[in-house]
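Subject: Structure for your set, with notes

Hello,

Below is the structure I am passing on to you. My notes on what was found in it follow.

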Amino acid sequence: MSMMEHLDELEASALADLEAAAEPESLERWRIRYLGTKGRLKATMPMLKDVSREDKPAVGKRLNAVKTTLESAFEERKSRVEAPGAAGPALDVTEPGMECGLGRRHVLTRTIDEVIEVFGRMGFSVAYGPEVEDEWHNFNALNIPDDHPARDPIDNFYVNGGRLLRSQTSTVQIRTMERVKPPLKIIAIGRVYRPDTHDATHFSMFHQVEGLYVDRNVSMVDLKTALFQFARAYFGPGAEVRIRPSFFPFTEPSAEVDMKMKIKGSYQWVELGGCGMVDPNVFEAVGYDPEEWTGYAFGLGIDRIAMRKYGIADIRWMFENDARFLRQF
Ligand code: FA5
């Protein structure tokens, strides 16, 4: 075998052996075997004297090239073997799996489910309506005439075509009565929108639960009983609720429902919603005979119900999507 062939063979077998060295100990054995002072590369040096004069420069060059190749291959292999996690198979099937967070319902979704459950026990079924509404369902049928200040564009989110994002769930009262003959007992839950300034108890998108009960001889006593029963069932027997006279175009008489809540460290009366006896004009708008039918309606802010139930001092926290907050419920 010529010296050139010998160098080729040495380089090939050294590189193959290097590839098989997978941990620091075998790598060190490889270094001693090939690059050490008594290694195979050094052992080729004495053979140079047998090479003819004219072949010597080429063989010498090749010898240096093999040396450089093996040295840099060794350094490269060493850095890979010593890299963290490089030893052993790339996939360790015995390692415990990555923990996969299960997640949970948002505190508002949970509150909505609970509110549906409590009213369900009181005989209310659930009705739904669209979030983009026409003016008939959001205003006219609810006895809110064209020139009423509640329809002002600065107080509503109008969209194209005379439609708007509903500002209250009372729209679903109308949609339900247009479809269903009395008697009926429904709640409607969902998102509503108003361009209100954000603060601890106001947001521009919030949620309401609307209640509507239509039957013969319904009275204000039934309304008050339903609201107080709900409050005690959901918040506990000590729940402090009050109703006080108010005005809504679609109820007569009308009242406001307040509940005591802890806001910024002190207990305050916070308005939960409005209520009253369905105005005869509303019955007429949906084709019910106001001489025959009576009813009550209420609309409560779900976000504020959740705040009271779970001790949340600021409505904005519910929409920030901070997992540290959401994880607590
Ligand atoms: C109404 O929306 C009436 N539709 C309620 C009603 C229904 C009255 C049926 C009579 C018969 P009001 O605008 O007061 O009423 O809103 C009801 C509740 O929604 C408020 O009491 C409050 O709890 C909640 N709310 C109103 N604005 C906001 C807001 N910007 N952010 C959070 N909650 C709000």
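The largest pocket has a volume of about 840 Å³. A pocket here is an open set of points on a 1 Å grid over the protein atoms alone, with protein on both sides within 12 Å along at least five of seven lines; lining residues have an atom within 4 Å of a point. Grid points are joined across faces, edges and corners, and the volume is the space filled by probe spheres set on them. Of the 40 residues lining this pocket, Q168, R194, Q208, F248 and E271 are the closest to its centre. By class, the lining has 17 nonpolar, 15 polar and eight charged residues. In that scheme Ala, Val, Leu, Ile, Met, Phe, Trp, Tyr, Cys and Pro are nonpolar, Asp, Glu, Lys and Arg are charged, and the others, Gly among them, are polar.

This is a predicted model, in which local features need pLDDT of at least 70 and side-chain atom pairs count only at pLDDT 80 or more, while totals for chains, interfaces and linings use all residues. Residues are numbered from 1 along each chain as its sequence is written, and side-chain values use heavy atoms, with hydrogens and water left out.

Which elements supply at least two residues each to the lining of the largest pocket? They are α7 (170-179), β6 (205-215), β7 (241-248), β8, β9 (266-278), β10 (294-301) and α10 (302-310). The largest share, six residues, comes from β9. Helices (H or I, at least four residues) and strands (E, at least two) are DSSP runs, numbered from the N terminus.

On the ligand: 26 residues surround it, and the closest are Q168, R194, D196, E271 and L272.

- Q168: a side-chain N or O atom is 2.7 Å from a nitrogen atom of the ligand.
- Q208: a side-chain N or O atom is 3.1 Å from an oxygen atom of the ligand.
- G273: a backbone N or O atom is 3.1 Å from an oxygen atom of the ligand.

The largest cavity has a volume of about 40 Å³. Its lining is made up of L227, F230, A231, F235, V241, V257, M259, L272 and L300. Two or more of these residues come from each of α8 (220-235) and β8 (251-263), and α8 gives the largest share, four residues. What classes make up the lining of this cavity? There are nine nonpolar, no polar and no charged residues.

As for the fold, the protein is divided into domain 1 (3-82) and domain 2 (107-326), with bounds from an automatic or database domain assignment. Their centres, taken over C-alpha atoms, are 85 Å apart.

β2 is joined to β4 (residues 163-165) by three bridges, and E133 has L164 as its bridge partner in β4.

Some backbone geometry to check on your side. Most residues other than glycine have a negative phi, and most peptide bonds are trans. The bond joining P182 and P183 is cis, with omega about 5 degrees, and P183 lies in the loop between α7 and β5. The bond from E252 to P253 is also cis, with omega near -5 degrees; P253 is in strand β8. N143, a residue other than glycine, has a positive phi near 65 degrees and is found in the loop between α6 (135-138) and β3.

Regards

Key: 1 Å grid on protein atoms, 1.4 Å probe; cavity = no way out; pocket = protein on both sides within 12 Å on 5 of 7 lines; lining within 4 Å. Pairing = 2+ DSSP bridges. Near = heavy atom within 4 Å. Polar contact = N/O pair within 3.5 Å; in protein donor to acceptor, adjacent residues only side chain to side chain.
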